[in-house]
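Me: I would like to learn how to read a structural model with some care, going feature by feature. Could you take me through this one?

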Number of protein chains: 2
Amino acid sequence: MAEAGAAEPVVDRLAIVGLGLIGSSIARGARRFGLCRTIVAVDADESVCARVRELGLADAATTDAAEGVAGADLVILCVPVGAAGAVAQAIRGHMKPGSVLSDVGSVKGAVVAAVTPHLDAGVTFVPAHPVAGTEYSGPDAGFATLFSGRWCILTPPEGADETAVARVRGLWEGLGAIVETMSAEHHDLVLAITSHVPHLIAYNIVGTAADLETVTQSEVIKFSAGGFRDFTRIAASDPTMWRDVFLNNKDAVLEMLGRFNEDLAALARAIRWGDGEALHDLFTRTRAIRRGIVAMGQETAEPDFGRARPSPEQTAEPQEPR
Amino acid sequence: MAEAGAAEPVVDRLAIVGLGLIGSSIARGARRFGLCRTIVAVDADESVCARVRELGLADAATTDAAEGVAGADLVILCVPVGAAGAVAQAIRGHMKPGSVLSDVGSVKGAVVAAVTPHLDAGVTFVPAHPVAGTEYSGPDAGFATLFSGRWCILTPPEGADETAVARVRGLWEGLGAIVETMSAEHHDLVLAITSHVPHLIAYNIVGTAADLETVTQSEVIKFSAGGFRDFTRIAASDPTMWRDVFLNNKDAVLEMLGRFNEDLAALARAIRWGDGEALHDLFTRTRAIRRGIVAMGQETAEPDFGRARPSPEQTAEPQEPR
């Protein structure tokens, strides 16, 4: 139910399929900011539905997608991108004519291809991707302000119904996001460099460090404040979500990774041949990009991300990670 | 001067050469925690000396290294590792017999090789490396608790005078660090994977993103919250310091980079051939390492590093970064 004093709801009945970090943040935000009258939660995992009921995140929670989406004005798929097609198939014939289907996937081309064949007549698909998240997963990890000040990219197909697009835009703006529209193809290229390849190299270096024989895992952990620990945050993201991202944005990821590798080879060569000027030039240039990100409010200017500095009593002898 | 109520000073006269982030943090900490009676600041840059006087970081500040180290019980070089040899040469013949020379360089083998030939008889060199920092530089960036709960690695040569080693250990423990001892060679290998290669790939991906023709710099900045922005923090670190690190730890960096590249090639192959299981396995394994780092107090458990979430009014249209 909408809170007192909230704005006019964007939709009457909102169905969210998948109550992980993103889905549960939408549920919390939609409730807090009065963006709908009724929220129905759908999750294939009964224990997630039970937790949704305990947390009071929705008016109803069900494992049955077809039942959950019935009568909804807006259905948002918040499942790993590899599962979007199967959910679309499961809800086929159950969505209300005139309703809108959307998603939050980090890949758009593959999701459009997987979902579109299952669309009922009279239902408009407006793909969306809120560029926000944390390294935590599940219904407990979400929070209402996750999308505040973050971008949400819509990739409506050409000629998409404008009322449907406006409904999805309204929801995201209501959640505090800044909405931008582009083609699914361009989205996948942009996100390959701003999100997918960064995750890939973070996962990769954490794996490389874990596998060394000459440096122990305990040493890697102890001395991680030299830079390594920054990478472990995104390398702690949900494994299923990220597996699906890479499998579903293969071409753009491999293209951007190819460029990354070329540049890294040039940098290795500069190190081998002692070309200090080339190194200094790059290291100076990269500072400007961060200044731009901070200036745009997409990053804190606090040193070290404003991380709380641990007190000495928090430190103890290393334990082998589970 | 030591603060009232502070512990017994570790040394009487402390000279710090180079008042950047690390040097100025040592000065602030030594003063706050009463670790010495007198602090002399040496910096080749007169404007840094002037700032040190304004901030009251030391009892005296001079551009003349030979003059600054005279009479000091402990001299700490806090200059880029490529400059350590030249400073050692400049202070040759000016250090007090029985005094101790130390440094804070991120590379140890090359610094030992550069400094040792210039050591006066009766002076002991105890190389040190506090594994701590932020992306900011200069005398204003330092703070007294920078080393609190962080490791400091000492690499004393075999047979080094134990009193001298204890003096350096005492200073770092007084600053709140946890001290560990290892060989210079092992240090350089450990730091190559926990710090140097992470910085290299961070600098590299920021450069790759800046150079794309298909994605604009403004798009990279806007959508950076998808992961990219994490890398820009360490890619905003001091260019001169990092140029010197790579030039002076070439072998270990190239060795670790070779392993990183092999692993990345395997990951790219898994993506190309759709091997979801290999991806999921790695992405699950990497979570454990972060848990270990958090458990050891080397990282916050707060989602997203506990970054302040920007309010919507902080966001504006992108400006081209300077």
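This is a predicted model: local features need pLDDT of at least 70, side-chain atom pairs count only at pLDDT 80 or more; totals for chains, interfaces and linings use all residues.

Me: What is the phi of B:Phe305 near, and where is B:Phe305 found?

Reply: The general idea is that most residues other than glycine have a negative phi. Phi of B:Phe305 is near 60°, a positive value in a residue other than glycine, and B:Phe305 is found in the segment after α12 of chain B; helices (H or I, at least four residues) and strands (E, at least two) are DSSP runs, numbered from the N terminus. Phi of B:Asp304 is likewise near 60°, and B:Asp304 lies in the segment after α12 (276-295) of chain B, where at 10% relative accessibility it counts as buried.

Me: How should I read two packed helices, and at what angle do the axes of α11 of chain A and α11 of chain B cross?

Reply: Two packed helices are described by the angle between their axes and the distance between the axes. Here the axes of helix α11 (residues 250-272) of chain A and helix α11 (residues 250-272) of chain B come within 11 Å and cross at roughly 165°, the axes being lines fitted to C-alpha atoms, for helices over the stretch in contact, and the angles running from 0 to 180 degrees between N-to-C directions. That makes α11(A) roughly antiparallel to α11(B), since angles under 35 degrees count as roughly parallel, over 145 as roughly antiparallel, 65 to 115 as roughly perpendicular and the rest as oblique. The crossing of α11(A) past α11(B) is left-handed, a term used if the near helix is turned anticlockwise from the far one by less than a right angle, and right-handed if clockwise.

Me: Which residues make the contact of α11(A) with α11(B)?

Reply: Contact means heavy atoms within 4.5 Å, and the residues that make it here include A:Leu257, A:Phe260 and A:Leu264 of α11(A) together with B:Leu257, B:Phe260 and B:Leu264 of α11(B). By class, the contact of α11(A) with α11(B) has 14 nonpolar, two polar and four charged residues, where Ala, Val, Leu, Ile, Met, Phe, Trp, Tyr, Cys and Pro count as nonpolar, Asp, Glu, Lys and Arg as charged, and the others, Gly among them, as polar.

Me: How far apart are the axes of α12(A) and α7(B), and what are the values for α7(A) and α12(B)?

Reply: α12(A) and α7(B) pack at an angle of about 70°, with their axes 9 Å apart, which makes α12(A) roughly perpendicular to α7(B). The crossing of α12(A) past α7(B) is left-handed, and the contact is made by A:Leu282, A:Phe283, A:Arg285, A:Thr286 and A:Ile289 of α12(A) with B:Tyr203, B:Val206, B:Gly207 and B:Ala210 of α7(B). For α7(A) and α12(B), the angle is about 70° and the axes are 9 Å apart, and α7(A) and α12(B) are therefore roughly perpendicular to each other.

Me: Is A:Asn204 buried or exposed, and which residues is A:Asn204 in contact with?

Reply: A:Asn204, placed in helix α7 (residues 184-210) of chain A, counts as buried at 2% relative accessibility. Leaving aside neighbours within four places in sequence, A:Asn204 is in contact with B:Phe260, B:Asp263, B:Leu264 and B:Leu267.

Me: Where does B:Leu175 lie, and which residues is B:Leu175 in contact with?

Reply: B:Leu175 lies in the loop between α6 (162-174) and β9 (178-181) of chain B and is buried, with a relative accessible area of 1%. Leaving aside neighbours within four places in sequence, the contacts of B:Leu175 include B:Ile26, B:Phe33 and B:Phe147.

Technical notes:
Residues are numbered from 1 along each chain as its sequence is written. Chains are lettered from A and ligands numbered from 1 in the order in which they are written. Side-chain values use heavy atoms; hydrogens and water are left out. Buried means under 20% relative accessible area, exposed over 50%, partly exposed in between (1.4 Å probe, protein chains only).
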